[in-house]
Amino acid sequence: MTSPGPPAQARNGDQVVADDLVKRFGDFVAVDHVSFRIARGEIMGFLGPNGAGKSTIIRILCGLLRVNGGRAIVAGIDVARDPEGVRQRIGYMSQKFSLYRDLTVEENLRFFGGIYGVPRADLAGRIRFAVDMAGLAGRERALVATLAGGWQQRLALGCAVLHRPPILFLDEPTSGVEPASRRRFWDLIHALAAGGVTVLVSTHYMDEAEYCHRAALINHGRLIAIGSPANLKQTALGGELLLIESEALGATLAALRDAPDVLDCSVFGNALHILVRNAAKSLGELPDYLAAKGLRPGHMTRIAPSLEDVFVQLIAADMASRDAAA
Amino acid sequence: MRIRRLKAIAVKELLHIRRDPRSLIIGLLMPFTQMFMFGYGVTLDLRHIPVCTFDREASQHSQALLKNFAASAYFAITRNVRTYPALVAAIDRADCKVAVVIPPDFSLRLTDIGTSPVQVILDATDDNTANIALGYALAVVSGYSSGVVLDALNRQGRELQQIRPMKVQSRVWFNEDLDSRNFIIPGLVAVVMALVGAQLTSLTISREWERGTMELLISTPVKPSELMIGKLAPYLALSWVDAAFCLAIAALWFGVPFRGTIFTLFVTTTLFLIVVLGIGYLLSVLIRSQIGASQIALLLTLLPATLLSGYVFPIDQMPSVVQDITYLVYSRYYVTIIKAIFLKGSDIPALAVPILYLLVYAAAVVVLAARAFRKNLG
């Protein structure tokens with residue numbers, strides 16, 4: 001699926017506002033001055049390694065954790081002041097599967113329908129919608145424990161949207177789900193967003209960032225980059241990317257580290273990815289530079305970075321700056 | 001408070017109970033086995049205490065005295081020995097708990113000086129049994145003794161009334177046969193329900209934490225009070241069944257006379273069950289593991305309910321510090337209430353004081369339990 005880009009000019013109708021959030025667990029800083037906004041109907045992706053603080057931020061926005069600093073506003077409501085008001089307007093899928101495994105598909109849906117006070121007249125229709133959406137028609141009476149992972153996750157999404165919340169928080173909903181099911185799950189998210197639902201979704205699959213309108217990269221509790229996938233690819237690297245094929249990868253890598261205008265280089269399969277200030281300039285200069293060192297590189301070309309390139313580069317740079325500071 | 005949410009939670013809990021046989025086993029089997037185990041195991045009446053006799057005279061008098069022992073329901077003569085070492089051996093082997101030794105000059109002393117000692121040896125490894133056996137033995141001997149005195153007086157032709165100016169006409173109320181079972185079994189219902197009730201609810205909240213379902217539940221607008229009432233309601237229904245079961249066993253199987261009304265029984269039992277279930281729920285909220293909560297619930301209910309509730313051991317015979325502590329033991333109020341309902345047929349006005357205590361307890365537990373539940377992960 002291609003992302004149609006974020007809905008334009010919705011800044012006043014921001015559904016989620018995180019303003020300078022700080023969360024500490026003892027000495028450990030889990031969320032370190034994080035700020036961002038999500039517009040109505042926007043799909044915001046949270047990416048980052050495990051333990052980066054993605055879940056903690058989502059839990060703060062759901063009112064499940066209190067902040068040590070900053071303010072969270074969801075659906076126009078201050079989470080710290082009126083968590084119950086927020087809870088009525090959000091749907092939440094926690095990282096760990098949290099439906100009742102000893103209840104059937106339908107019993108789970110009925111339970112959440114009752115908890116959220118879905119009007120009785122609408123309940124049957126909403127349950128049918130959720131069951132169809134999850135692809136569980138005909139399995140309404142199956143115990144949830146007997147369902148495969150992908151089905152369980154889609155049912156969890158069905159339970160989360162049963163009361164038609166304007167905002168969805170999905171914490172790693174595709175984790176442990178097979179690729180075909182993951183794809184289907186993202187189709188559902190896009191359908192909901194097209195209907196005006198604001199979605200904050202975290203994932204540790206880097207490729208899934210492409211499905212989001214905007215993605216935020218989180219590392220060590222800090223938000224280190226945020227933007228649309230196209231925007232991130234263009235600007236976040238702070239340079240342009242070259243691919244160099246070489247017989248002698250190790251020697252070439254060592255030589256390029258000291259080359260002028262080379263910001264970074266790393267091995268990517270059987271080739272090197274080189275980050276340079278200016279691709280055209282380096283394409284002209286590098287062959288001579290390498291030849292002077294007795295190296296004869298193969299094919300050399302400018303490539304468009306993938307989001308994975310961007311994230312690997314950004315996280316490495318973040319680590320380096322943290323080490324330097326320490 | 002929304003009825004809709006209460007209902008959703010109650011229905012969900014019922015489904016859990018139906019699908020998890022463990023809680024049903026706790027709910028139905030435990031009261032059954034405990035009523036019978038404690039009902040038969042705990043009795044303060046001693047019957048057929050084994051007696052060893054050592055009759056060193058073997059006269060008409062001595063045999064008459066021993067016949068009185070044999071005729072008593074409290075004693076059973078299991079051994080007759082002829083030497084002192086044999087008697088010691090019989091006690092050592094626990095062939096008997098009591099030995100009666102009649103001196104060789106028993107009849108002679110009776111006729112000559114009008115009195116004779118009789119030795120009773122008691123195995124006091126169990127001092128309670130020994131005490132009771134001594135009491136029974138004294139009664140048997142003094143009964144025989146009175147017979148001897150009467151015979152002597154009759155022979156002298158004197159009137160009975162002159163010797164006994166006063167006579168106690170005793171009437172025992174409420175437990176006419178002084179059967180200890182009649183007062184233990186109703187109290188036992190309280191002990192069993194205190195145990196089972198707290199066990200049932202001690203799992204409900206901790207289970208949600210352990211299975212990871214709580215994180216989603218607290219992200220919904222459900223209120224702590226709705227969660228508590230919704231979760232307690234199905235267990236109250238289950239406990240009613242249990243209590244009816246235990247009470248039926250008490251009245252029908254053990255034959256404890258029931259003189260009260262079902263209405264009084266229902267009102268007071270419900271109040272007690274709310275306290276018991278509320279305690280289990282509170283523990284479940286505070287201790288987020290199922291094992292932990294159920295162990296603490298067992299510890300907190302078993303010892304106070306058995307030792308400090310007055311169900312077997314009378315509270316007014318305890319040291320005053322311990323008596324003060326028993327006011328905290330909610331089971332004691334229900335033990336008082338249920339004994340009175342069964343044996344005295346007491347109604348609600350007569351039981352106002354213990355009912356009031358239970359009411360205060362119930363209110364405190366319910367408020368605490370609702371407040372202790374926090375809707376966050378911190």
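A:Met44 lies in strand β3 (residues 43-47) of chain A, where helices (H or I, at least four residues) and strands (E, at least two) are DSSP runs numbered from the N terminus. The model is a predicted one, in which local features need pLDDT of at least 70, side-chain atom pairs count only at pLDDT 80 or more, and totals for chains, interfaces and linings use all residues. Residues are numbered from 1 along each chain as its sequence is written, and chains are lettered from A and ligands numbered from 1 in the order in which they are written.

A:Met44 counts as buried, with 22 C-beta neighbours inside 10 Å. A residue is termed buried if 20 or more other C-beta atoms lie within 10 Å of its own, exposed if 12 or fewer, and partly exposed in between, with C-beta atoms placed from the backbone. Leaving aside neighbours within four places in sequence, A:Met44 is in contact with A:Ile38, A:Val199, A:Leu200, A:Cys212, A:His213, A:Arg214 and A:Ala216; contact requires that the C-beta atoms of two residues, placed from the backbone, lie within 7 Å. Between A:Met44 and A:Arg71 there are 27 residues in sequence and 19 Å in space, C-alpha to C-alpha.

Chain A contains 10 helices and 14 strands, and its C-alpha trace spans about 80 × 45 × 40 Å along the principal axes. Of the 326 residues in chain A, 45% are buried. Among its contacts between residues at least 6 apart in sequence, 70% join residues at least 24 apart. The domain assignment gives chain A domain 1 (11-233) and domain 2 (238-304); such bounds come from an automatic or database domain assignment. The centres of these two domains of chain A, taken over C-alpha atoms, are separated by 41 Å. The average pLDDT of chain A is 89, and 96% of the residues score at least 70, pLDDT being the predictor's confidence in each residue, from 0 to 100. Over residues 1-10 of chain A the pLDDT stays under 50, and for this stretch the model has 21 contacts beyond four places in sequence.

Backbone geometry with positive phi occurs at A:Glu172, a residue other than glycine, with a value near 50°. A:Glu172 is placed in the loop between β7 (167-171) and α6 (179-194) of chain A and is buried, with 22 other C-beta atoms within 10 Å. In chain B, Ala94 likewise has a positive phi, of about 60°, although B:Ala94 is not a glycine. The loop between α4 (84-92) and β3 (98-102) of chain B holds B:Ala94, which counts as exposed because it has 10 C-beta neighbours inside 10 Å.

Strand β3(B) is largely enclosed by the rest of the structure, because 4 of its 5 residues are buried. It runs parallel to strand β1 (residues 49-55) of chain B, to which 5 bridges join it; strands are taken to pair if DSSP finds at least two bridges between them. In this pairing B:Phe54 stands opposite B:Val101 of β3(B). A further 4 bridges join β3(B) to strand β4 (residues 119-122) of chain B in an antiparallel arrangement, and B:Val120 in β4(B) is the bridge partner of B:Val100. Chain B is divided into domain 1 (3-43 + 179-372) and domain 2 (49-163), and 49 Å separate the centres of these two domains, taken over C-alpha atoms.

The largest nonpolar core has 155 residues, of which A:Leu61, A:Val199, B:Met193, B:Val275 and B:Leu358 touch the most other members. A nonpolar core is a set of buried Ala, Val, Leu, Ile, Met, Phe, Trp, Tyr and Cys residues joined through C-beta atoms within 7 Å. Helix α8 (residues 180-202) of chain B contributes the largest share of this core, 14 residues. Another core, of 19 residues, lies apart from it and includes B:Phe54, B:Leu65, B:Leu87 and B:Phe106.

Between the chains, 22 residues of chain B are in contact with 22 residues of chain A. On the side of chain B that touches chain A, the elements giving two or more residues are α1 (3-19) and α10 (214-217) of chain B, and α1(B) gives the most, with 8 residues. The residues on this side of chain B divide into 7 nonpolar, 7 polar and 8 charged, where Ala, Val, Leu, Ile, Met, Phe, Trp, Tyr, Cys and Pro count as nonpolar, Asp, Glu, Lys and Arg as charged, and the others, Gly among them, as polar.
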